[in-house]
Amino acid sequence: MKLPVSVPLNTYLAYKQDKEVEPQRILKSENFDWDINHPKSLSCLCVEKLSENWTGSSKLDQLLAKDRELFLQILNTDVPLQLLVDNIKNDIFWKRCYLSKWNDSLLLTEQKPWITLFMERFYAEVLQNMNPKQYDPEKVNTLVKLCGPYIQSLNIKSLIPSDIPVQRTVSPEMENLLTSRRQKDQKIVKNQGLNRDHISLHAALGSLSNLTELHISYQLSSVGVEYRKDQFQFTNNDARNLAHGLEKCSLLKVLRITRSDMNCQRVKYILRGLSDNSNLETLDFSHCKIGDEGALSVAKFVSKHDKLRNLVLVDNVFGSPNGIEHIAHVLNHTSCGLRSLDLRLNNKLGSDGVAHAAVAIARGCNLTSLNISGCGIKPDPLQKPPTGVWSALNAENPPTCGDLLARAIGLVKTPLRSLDISVNNIGSPSDITLSNAICLSYLIDINLKRSGMSSMAMAIAESAAAAQRLRREAEKGIRFRRSAGRVVQARRVAKGMNIDADPILLAQQLSARPSIVSVTSEEGTYNIFAQPLSTDFGFVPALKSPLPSSRTSSITGASTSRRSSHHAVLEPVKEVRRTALVRRRSDGSLLEPRYANTERHIKIYISNEDQF
C-alpha cells in the first residue's frame, strides 16, 4: 500500500508506531507496508502498466475512484507538460509535481490551485534561465499559450544579459524551447559593442491574460568568476520591450520593479506602457535610480490613476525641492487615491523635502500610512520652507521639519494612522512638540527608533499611539487582554524610563490628552505640556480648491481640499480640551466628569528600583 500524497509526511511521522511506547499493539493502521508480501490485484497491475505507457489518454474519468487515485500517485511527473495540462486537472497530482521539482517550503499567502503555483514558478524559471542568444519568439509564444491561462502572479528574480556566454546546463524542460547554439565557425566582429539587452518580455507577458501581479528584477543571480559591474544594467531596449508587454496586461494590479538600473528615461517608458491600465493598485520602484525628472513622471501618473493605493519609492536618488515637491503636490489632487506612501532611505530629501510631505498632510491628503525612515531629517531650521507655510513671528525664524510634522498631525484631523520616522534626527525641542502632537492625533502605529527624540518624548508618543490602538481594537470587538500585550510595548517603555507605574494605565492616561504630564525624580519635578499646540504658524491654503469644504478653521485657514468625516478640521483647539471622555477607575467604576475649566494633570514618579 502506498502512502497517499494527500497525507502530509509530518502527520505520518507523528502517528508512526514507537516500539518503546506501544510494544504490545497489534493493530497498526499507520503501517503502509502491511501488504508488501501480498500479490497485487489484476486491477493494480493494469493501472501500473497504464501509467508506464500513458501517452495522454483523456478517459481517466472512466476509471474507478480508487484506480484513478492510484494512477495519479504512480504516474511519472516527467511526462511532457503538454500532455499533463491537457488531460490532468487533479490538484493532488499537481501538488506532487510541484514537490518533486522543488523541495523548498512554500509560503501560501492565498489559496491557489497547485497547477497555478506550478505554472507560475515553472514559467518564471524558464525566463530566468533563458539566454537571449537562444531566444525564439515562436516557441516562447507556444509556452505562453500552455502556461498563460494559469498564471496570476509572476516573480522573475533575475535575467541573463545577452553578453553572457552560453555555459549553463540546459534543463530537460527547455530542450524544446531553445534554438541551437551558435556554430563554432561563426565569427564575431572585433569592434562590435557589447549588447547587454535581456530577453524581450513583449511576447512573454503579452499573452498572460490573467496576470494580476508582476515582480521583476533586472539583475544576475549566478555571476561566476567573470564578474563585471555592467552585467547588472537595465537598458532602454529592455524598458521598451517591458512596456509593450505591460500594455496588454489589462488586469495587472501590482507591479514591482526593484533592484534595477532604472533611471528617469526608463521610468517614462514603463509608465507609458501602464497608461491605459485602470486596475493598478500598487506601484513599487524600490532600490532604483529614479531622479527628479522621474519623480515628476510618477506624480503625473498618480494624478491620472485614481485606483492607485500604494506607492513605494524606497532608496532612489530624487531629492528636494524638485522631486518630492511634485509628489507632495499631487497628494492633494482630487483624483489622487493614494493611501500608503513609502519614501524611506531617500537621504537626499532631507528636512526640506520631508517638509513638503508635511504640508500635504496638513492640507488634508488621504494618506493613511507614511514612511520617511532614513530621509536625513535634521534639527536645524528649514533653509527654504515650503511655499505653503507662513510664520506669524517673522521670516527670519523658520520652523524645523519636526515642527511642521507636529502641526500637520496634531492640529488637523487627518486619516493618517501609521507613521515611521526612524533613523532620523528630530532633535530638541521639536521632539517634545511632536510627541504632544501624536497625543492629539489618531496614530495607532508609529516607529521612533533612532529618530533623535528623547526617551521621555518617545515614551509619551508610543504610549498614546498604543492606547489609541487599544481603543480602536476594543471597538472592533477584540479582547482587551490580547491587545493589552501590545500596549506601547508597555513593559519595555516603562522599564526603559524606570517608571514606577502600571504601563497599561500610563498608556490610557496619556491617550486621554492631558494638559500637563509631570515627571518627579530626586532631581526635581519636570512638567511637560501636552496641549494645546502653539499656533504661531500654519499652512497657507492651496491656490486651487477642487472641492471647498463646508467647514473652516482658524488654525489652518480655509479648507482647500476634499475632506471626509475622518479628516474634518478641529475648530477651535479648545474642543479637544472639552471633549467628553468616559473614564473609569481601576475597579471599573465611572469617574465623575471634569469641568471645562479643570486642568488635567498626570504625575509620573521615577523609581530607582527595576520592578520589571
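This is a predicted model: local features need pLDDT of at least 70, side-chain atom pairs count only at pLDDT 80 or more; totals for chains, interfaces and linings use all residues.
Residues are numbered from 1 along each chain as its sequence is written, and side-chain values use heavy atoms, with hydrogens and water left out.

The secondary structure of the protein chain comprises 20 helices and 16 strands; these are DSSP runs numbered from the N terminus, helices being H or I with at least four residues and strands E with at least two. Of its 612 residues, 47% count as buried, where buried means under 20% relative accessible area, exposed over 50% and partly exposed in between, with a 1.4 Å probe and protein chains only. Among contacts in the protein chain with a separation of 6 or more, 75% are between residues 24 or more positions apart; contact means heavy atoms within 4.5 Å.

Two packed helices are described by the angle between their axes and the distance between the axes. Axes are lines fitted to C-alpha atoms, for helices over the stretch in contact, and angles run from 0 to 180 degrees between N-to-C directions. Angles under 35 degrees count as roughly parallel, over 145 as roughly antiparallel, 65 to 115 as roughly perpendicular and the rest as oblique.

Helices α6 (114–128) and α7 (137–147) pack at an angle of about 165°, with their axes 11 Å apart. α6 is therefore roughly antiparallel to α7. Their crossing is left-handed, a term for a near helix turned anticlockwise from the far one by less than a right angle, clockwise being right-handed. From α6, M119, F122, Y123 and V126 meet L143, V144 and C147 of α7. By class, this contact has seven nonpolar, no polar and no charged residues; Ala, Val, Leu, Ile, Met, Phe, Trp, Tyr, Cys and Pro count as nonpolar, Asp, Glu, Lys and Arg as charged, and the others, Gly among them, as polar.

The loop between α6 and α7 holds Q134. Q134 counts as buried because its relative accessibility is 6%. Q134 and S162 are 28 residues apart in sequence, and their C-alpha atoms are 9.5 Å apart in space.

S158 lies in the loop between β1 (153–156) and α8 (201–206). With a relative accessible area of 5%, S158 is buried. Leaving aside residues up to four places away in sequence, S158 touches Q128, S217, Q219, L220 and S221. The side chains of S158 and S221 are joined by a polar contact of 3.1 Å, that is, a pair of N or O atoms within 3.5 Å; within protein, one must be able to donate a hydrogen and the other to accept it, and residues adjacent in sequence count only if both atoms are side-chain atoms.

D292, A295, L296, A299, V302 and S303 of α11 make the contact with N322, G323, H326, I327 and V330 of α12.

N332 belongs to the loop between α12 and β6 (340–342). A relative accessibility of 17% makes N332 buried. A polar atom of the N332 side chain lies 3.1 Å from the backbone oxygen of A360.

Finally, the axes of α14 (residues 401–410) and α15 (residues 430–440) come within 8 Å and cross at roughly 10°. That makes α14 roughly parallel to α15, and their crossing is left-handed.
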